[in-house]
Amino acid sequence: MAGAVPAKTSEHEKYRSPLVSRYASPEMAKNFGELKKFSTWRLLWTYLAEAEKKVGLENVTITEEQITNMKANVENIDFERAALEEKRVRHDVMAHVHTFAACCPMAAPIIHLGATSAYVGDNTDLIVMRDGFDILLPKLARCIQRLTTFADDYKDLPCLAYTHLQPAQLTTVGKRACMWIQDLLMDVQNLETARNNLRFRGVKGTTGTQASFLALFKGNHEKVEELDKLVTEKAGFKTNFLICGQTYSRKVDVDCLNTLASLGASVHKICTDIRLLASFKELEEPFEKEQIGSSAMPYKRNPMRSERCCALARHLMCLVQDPLMTASVQWMERTLDDSANRRVCLAEAFLTADIVLSTLQNISEGIVVYPKVIEKRVRQELPFMATEDVIIAMVNAGGNRQECHEQIRVLSQEAGMVVKQEGGENDLVERLKKSAYFAPVRDSLDELLEPKKFIGRAPQQVTRFIQEEVSPSIKIYTDRMNVTSELDL
């Protein structure tokens with residue numbers, strides 16, 4: 001019927017996390033998706049069976065056909081059946097054991113043999129976090145690369161530096177960007193450390209003693225250790241925990257999310273600087289041709305990407321509280337009050353970090369700088385900053401330092417009153433030129449007030465920083481980016 005309102009779909013009736021529906025990249029959303037999770041469970045059951053077969057069980061025979069059957073069904077997951085099974089047995093792992101067994105009945109007797117729920121649950125979380133870091137690190141390196149190009153392009157452009165958000169001395173636009181980059185380089189190091197410090201839980205049994213596996217192998221300790229080593233290697237880890245309870249220590253989650261929270265702090269600082277500089281009209285983040293800044297004020301060009309980064313970075317910084325509290329209340333060998341919390345905070349931390357980096361990359365690829373505005377703001381403050389140079393020039397011309405200081409103090413105060421009370425421009429230079437006292441340096445005042453005389457070694461610092469610290473730190477990632485670009489061509 002014409003004009004009928006279309007029926008609402010279930011997709012729009014239920015809440016969907018904007019982390020996935022609105023922001024996250026497909027690769028990170030997939031990394032924390034159900035298919036990745038439960039297919040990894042099946043891979044782990046397959047690794048376990050393969051290792052048990054290789055090490056050799058005395059009373060249980062595991063055949064190649066059973067393992068082939070398992071491998072063929074790793075991603076053949078009947079999610080509806082699994083949901084019904086979980087509703088029936090009230091246990092997610094056993095629900096998936098039954099669902100897996102249903103599609104590979106030949107292997108049903110050996111699935112999950114000797115294992116506990118944490119074998120698939122914890123080991124999968126470690127795999128997913130490792131893969132999450134592998135997604136984040138190239139994105140972080142790409143942000144650094146883009147900001148490095150920006151820093152190099154503007155390493156010579158003088159601008160006001162601020163302490164207490166008050167004009168201090170001069171720096172350069174590129175030097176300030178290097179401060180952002182330096183924080184991000186620390187984040188690269190932190191993420192690499194967190195990623196490389198991840199150890200596999202391995203096969204440890206219900207309370208971490210490996211008692212069930214020792215029983216399977218008739219008290220043969222060497223075979224249990226060999227089994228643990230084989231499964232660890234199959235999962236792509238170099239080492240595993242020698243000591244754990246039912247789960248790996250939840251301090252691992254603390255370390256991982258603390259690293260991501262620190263990244264959030266870096267991005268928040270960068271994007272706050274950009275927002276402040278945008279308010280000064282010194283620079284802007286990218287603004288699309290048809291982008292609308294305000295529904296009420298058509299002239300506005302709001303820094304919405306930087307604001308999004310700050311909003312999500314705050315969420316990222318808060319998430320570390322969850323694993324901190326969880327780690328503190330894991331009684332004895334383990335309590336289950338970690339499970340529901342971890343389902344939320346681990347995924348959200350990586351998804352949020354992914355979004356923040358993707359948005360920061362977009363910003364860093366299109367920052368617009370307004371040199372004339374920057375120059376105007378420098379000229380408004382530089383005369384005050386240059387007073388010591390004027391005094392030194394007067395002394396070199398034969399003047400008295402103390403007399404000169406008093407003369408320039410009076411003129412500076414007068415110029416300051418014009419700026420603050422009358423809203424006028426800083427006319428200190430004109431006052432100096434008109435003063436008979438400063439006649440000996442009148443012709444050299446413009447040279448004394450050249451902004452590049454006040455930026456110190458900023459350009460040289462930028463060049464050296466890029467060559468000695470930035471390039472080596474991200475080379476492994478930029479090399480991969482170049483290979484990818486060549487393949488795309």
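This is a predicted model: local features need pLDDT of at least 70, side-chain atom pairs count only at pLDDT 80 or more; totals for chains, interfaces and linings use all residues.

Biologist: What volume does the largest pocket have, and how do its lining residues divide by class?

Modeller: The volume of the largest pocket is about 1300 Å³, and its lining is made up of 18 nonpolar, 13 polar and 14 charged residues.

Biologist: How many cavities of 30 Å³ or more are found in the whole structure, and which residues line the largest cavity?

Modeller: A cavity is a space where a probe fits but cannot get out, and the search finds 2 cavities of 30 Å³ or more. The largest cavity holds about 60 Å³ of space, and the residues lining it include F150, W180, L277 and I374. Helix α9 (residues 173-197) gives the most to this lining, with 4 residues, and by class the lining has 8 nonpolar, no polar and 2 charged residues.

Biologist: At what angle do the axes of α12 and α13 cross?

Modeller: The axes of α12 (residues 251-279) and α13 (residues 304-319) come within 8 Å and cross at roughly 155°. Because angles over 145 degrees count as roughly antiparallel, α12 is roughly antiparallel to α13. Their crossing is left-handed, and the residues of their contact divide into 13 nonpolar, 4 polar and 3 charged.

How values were computed
Residues are numbered from 1 along each chain as its sequence is written. Side-chain values use heavy atoms; hydrogens and water are left out. On a 1 Å grid over the protein atoms alone, a cavity is a set of points where a 1.4 Å probe fits but cannot get out, and a pocket is an open set with protein on both sides within 12 Å along at least five of seven lines; lining residues have an atom within 4 Å of a point. Grid points are joined across faces, edges and corners, and a volume is the space filled by probe spheres set on the points. Ala, Val, Leu, Ile, Met, Phe, Trp, Tyr, Cys and Pro count as nonpolar, Asp, Glu, Lys and Arg as charged, and the others, Gly among them, as polar. Axes are lines fitted to C-alpha atoms, for helices over the stretch in contact, and angles run from 0 to 180 degrees between N-to-C directions. Helices (H or I, at least four residues) and strands (E, at least two) are DSSP runs, numbered from the N terminus. Angles under 35 degrees count as roughly parallel, over 145 as roughly antiparallel, 65 to 115 as roughly perpendicular and the rest as oblique. A crossing is left-handed if the near helix is turned anticlockwise from the far one by less than a right angle, and right-handed if clockwise.
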